[in-house]
Amino acid sequence: MIEIRPANASDFDAILTLQSVNQFARLSDFERAHGFLSAEFSREQLRQMSEDLGIDAAFDEGALAGYLCAFPCAGQLRPPVIQCMIAAFSECRFAGRALDQHTCYIYGPVCIAASHRGKGILAQLFAAQRARLDSTYPTGAAFIAHRNPRSLHAHVQKLGMAQAGTFNFNGNAYHIVAFSTRS
């Protein structure tokens, strides 16, 4: 049985390991076709996220099976790719208005261990995060690399997120997806 709970400092080593093995640059073309991470966070950034909006983690018999991060649009934690994404919000449309007109948080990154993909863990993490943040942030937004169609499919087709716009950063193209935290 999968347990979903907030991650704490004792989980950071497992999160960093899972993050490391799923980085785009460390994967073969075949492995990339099953999803990858575009951003890499340090232990300090994980600590800050954990203390701010939190990291939801999935465990299978005590072993990390996946995690989902969240952080506010404002603040010091924003890596350059997130700053670029947020700058594009004025050109993105969600629920009838520009995304920068929403009270929004950043969803992600999310990573599911290869051994646990396709078992509904992403949906469980997403539901836990939405329930935890819906009273403060009615909207969430994420970026997904154009070269990661599996992730786009999972977030749009399976989780019901809406494509809101696009942006480019360091020669890479990204989709911006958005969602309501209220079911």
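Lys158 is exposed, with a relative accessible area of 63%; exposed here means over 50% relative accessible area, buried means under 20%, and partly exposed is in between, using a 1.4 Å probe and protein chains only. This lysine, Lys158, sits in helix α6. Across the fold, the C-alpha of Lys158 is 9.9 Å from that of Gly120, although 38 residues separate them in sequence.

A quick word on what we are looking at: this is a predicted model, where local features need pLDDT of at least 70, side-chain atom pairs count only at pLDDT 80 or more, and totals for chains, interfaces and linings use all residues. Residues are numbered from 1 along each chain as its sequence is written, and side-chain values use heavy atoms, with hydrogens and water left out.

Let's stay with helix α6, residues 149-158. Which of its residues are buried? They are Ser151, Leu152, Ala154, His155 and Val156. As a reminder, an α-helix has 3.6 residues a turn, so residues three or four places apart point the same way. The buried residues of α6 pack against β6 (104-112), α5 (121-133), β7 (139-145), β8 (162-169) and β9 (172-180). After α6 comes Gly160, with a positive phi near 80°.

Now let's zoom out. The protein has six helices and nine strands; these are DSSP runs numbered from the N terminus, helices being H or I with at least four residues and strands E with at least two. Its radius of gyration is 15 Å, close to the 16 Å that the globule rule gives for 183 residues, so the protein is as compact as a globular protein of that length. That radius is taken over C-alpha atoms, and the rule is 2.2 Å times the number of residues to the power 0.38. Of those 183 residues, 50% count as buried.

Next, the aromatic rings. Rings of Phe, Tyr and Trp (its six-membered ring) pair if their centres lie within 6.5 Å; planes under 30 degrees apart count as stacked, over 60 as edge-to-face and the rest as tilted. How many aromatic pairs does that give? The count is nine. Take Phe143 and Tyr174: their ring centres are 5.2 Å apart and their planes stand at 90°, so this pair is edge-to-face. Phe143 belongs to strand β7 and Tyr174 to strand β9, so the pair ties together parts that are 31 residues apart in sequence. Both Phe143 and Tyr174 are buried. Tyr174 also pairs with Phe167, with centres 5.1 Å apart and planes at 20°, so that pair is stacked. Phe167 is buried as well. Elsewhere, Tyr105, Tyr107, Phe126, Tyr137 and Phe179 form one aromatic cluster.

Finally, some backbone details. Most residues other than glycine have a negative phi, and most peptide bonds are trans. Where do we find a cis peptide bond? One joins Gly108 and Pro109, with omega about 0°, and Pro109 is in strand β6. Ala95 has a positive phi, near 50°, and lies in the loop between β4 (93-94) and β5 (97-98). Asn170, in the loop between β8 and β9, also has a positive phi, of about 50°.

Definitions and conventions:
Contact = heavy atoms within 4.5 Å.
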